[in-house]
Each structure stands twice: as structure tokens, then as C-alpha cells.
Amino acid sequence: MTKELQAHLQLGDNHGAKYALLPGDPIRIDRVQELLTDPKDQAHNREYRTVLGHYEGIPILVTSTGIGGPSAGIAVEELANLGVSRLIRIGSSGALQKEIQLGELIIATGAVRDEGTTHAFVKASYPALADSELTAVMQKTAEELELTHHLGIVRSHDSFYTDHEEETDTYWSKKGILGADMETAALFVLGALRGLKTASVLNIVVPAEGNLEAGINDLVKGEDLAIKGEKNQILLALETIVAMEKENKK
């Protein structure tokens, strides 16, 4: 623990929270804090915006990570420095399987490390896996809330605009990968290396045969199904935290 502000988050250790939700988009924090008691802005520097609030009496930080593994990795490292030990990504994803529809959720059990950040920390043979306990609680909570969800492996990557996106998506779809994002692998690998519990729930904003840019634009404009999925993933993450606390008290 340290009294110094973290360089990028500009956050100190006086928050008292062991849980953090990690949206990519700083604007998503506005939607999270609608469900929190007495939310208060803590810091906003670059892509990193942090709010502290309570849910069912539990202190929770909500920190945006921006886009991509490098940015998410910095957030994970600095939150760990401040005593946060359980982190849940609430992000968006494109689907890689036709049966996964817009606004449905993916609970990631692992991630293909098709990005660069994690390779700066550990060899490519090291797996990117979610924490089994936190993820099991999340799956059970999703079932209790009757939220449509899919459990499996996602792919994390570094760019939307390569010259072979369709070919790449087809390849990983055939390997059974459920969806694609840019941050889950970094969260899982750094979480494991630093002894943190991590989970990732992704809202589908682009169906498997949809247009990537159109899907993202629809989310920004408030597309009904995508926004409903976002609300569901936020509720799921918060209720998972409550369920984890109950498990820990048994």
C-alpha cells in the first residue's frame, strides 16, 4: 500500500475498496454509478476515470481503462498497488459465433493472447485464464438473474483495422472462440501474475456477420439491444460482487 498517487490513475489508497469494475469507455461509468450509493469522482487523467461508490454496502471502484491491452494493463498494475484484489472487466465485444446475438453476454473463461501487452511480461505459452472462483460465481449469478449468456474463450487483439480482419475472424470462429475484444487477455495474465482474482463479462455490440464500425456506432448512439446488454452486464458484475462477499462469509 502507498500514500502516493499512482502515476496514470492519479488515485491514492484511501478508497477502502478491494473490488473494481473496469469498463473501457469512461462514459460507461455514468451508467454504473446509477446503481451505486453515493458515488463520488476520485480522479480523471487521460483515459482513466475513477468513481468510488457502494453497492449493497460494499465499496467498489469503477475505473475506465481506455482502449487496448497496454492501457488496461497499466490500470490493473496501479489498482493492485492500491490494494484492489478483485477486478471485473465490463466491456464490449464482437461475436464470432452466429448463435450469439446483439446484446447477449459472454462470460470469458480464458482468452487467446493475440495481442502484444502480455508478451512483454511472460512467455507465449503462459495461459490467459479467468479466476475460476469469481467466474463460477458470475455464471451462477447470471443464471439466477436469467440473463442470456455464453461461457467460453474469447480472443484479445490489438487493432480493428488490419488488412485481413475477415480472414482472422473466420479462423478463430472455426476454433470455437466466442468473441473478440482488446483487453481481456491483459487482465487475465496480469491478474494471475499479480495474484488477483479477475473476471470478464462482455456485451455483444456486433453480431458474427455484422459490420464492426456500424455496431460500435450503434452502441454510441444508444442502440436498444446493445444498451440493454450493457445494463445487464453492469448488473451482473455488481451482483457477482455481492455473491462473492456472501461466499466469503460462509
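Is Arg49 buried or exposed, and at what relative accessibility?

Analyst: Arg49 counts as buried, because its relative accessibility is 11%; buried means under 20% relative accessible area, exposed over 50%, and partly exposed in between, with a 1.4 Å probe and protein chains only. This is a predicted model, in which local features need pLDDT of at least 70 and side-chain atom pairs count only at pLDDT 80 or more, while totals for chains, interfaces and linings use all residues. Residues are numbered from 1 along each chain as its sequence is written, and side-chain values use heavy atoms, with hydrogens and water left out.

The side chain of Arg49 meets that of Asp30 in a salt bridge, at 2.9 Å from N to O. This pair links distant parts of the chain, 19 residues apart: Arg49 belongs to strand S3 and Asp30 to helix H1 (residues 28-33). A salt bridge is a side-chain nitrogen of Lys or Arg within 4 Å of a carboxyl oxygen of Asp or Glu; helices (H or I, at least four residues) and strands (E, at least two) are DSSP runs, numbered from the N terminus. Arg49 also forms a salt bridge with Asp41, where the closest N and O atoms are 3.6 Å apart. Of these two partners, Asp30 is partly exposed at 31% relative accessibility, whereas Asp41 is exposed at 55%.

The whole structure holds 13 salt bridges. One of them joins Lys197 and Asp131, with 3.4 Å between the closest N and O atoms. Lys197 lies in strand S9 and Asp131 in the loop between S6 and helix H3 (132-144), so this pair ties together parts that are 66 residues apart in sequence. Asp131 counts as buried at 16% relative accessibility, and Lys197 is partly exposed at 23%. Salt bridges that share partners also join Lys18, Arg86 and Glu245 into one network.

A nonpolar core is a set of buried Ala, Val, Leu, Ile, Met, Phe, Trp, Tyr and Cys residues joined through side-chain atoms within 4.5 Å. The largest has 32 residues, and those touching the most other members include Leu22, Leu61, Leu79 and Phe188. Strand S3 (48-55) is among the elements that each supply at least two residues of this core, as are strand S6 (105-113) and helix H5 (184-193). H5 gives the most, with five residues. Apart from this core lies another, of 28 residues, including Val32, Met138 and Leu238. In soluble globular proteins, nonpolar side chains tend to be buried together.

Leu61 is in contact (heavy atoms within 4.5 Å) with several residues beyond its neighbours within four places in sequence, among them His15, Thr50, Val51, Leu52 and Leu79. His15, in the segment before S1, counts as buried because its relative accessibility is 8%. The His15 side chain reaches the backbone oxygen of Leu82 at 3.1 Å.

Strand S6 is largely enclosed by the rest of the structure, because eight of its nine residues are buried. Eight bridges join S6 to the parallel strand S7 (residues 149-156), and three join S6 to S9, which runs antiparallel to it; two strands pair if DSSP finds at least two bridges between them. Ala108 has Gly152 as its bridge partner in S7, and Ile107 stands opposite Val201 in S9.

Conventions
A polar contact is a pair of N or O atoms within 3.5 Å; within protein, one must be able to donate a hydrogen and the other to accept it, and residues adjacent in sequence count only if both atoms are side-chain atoms.
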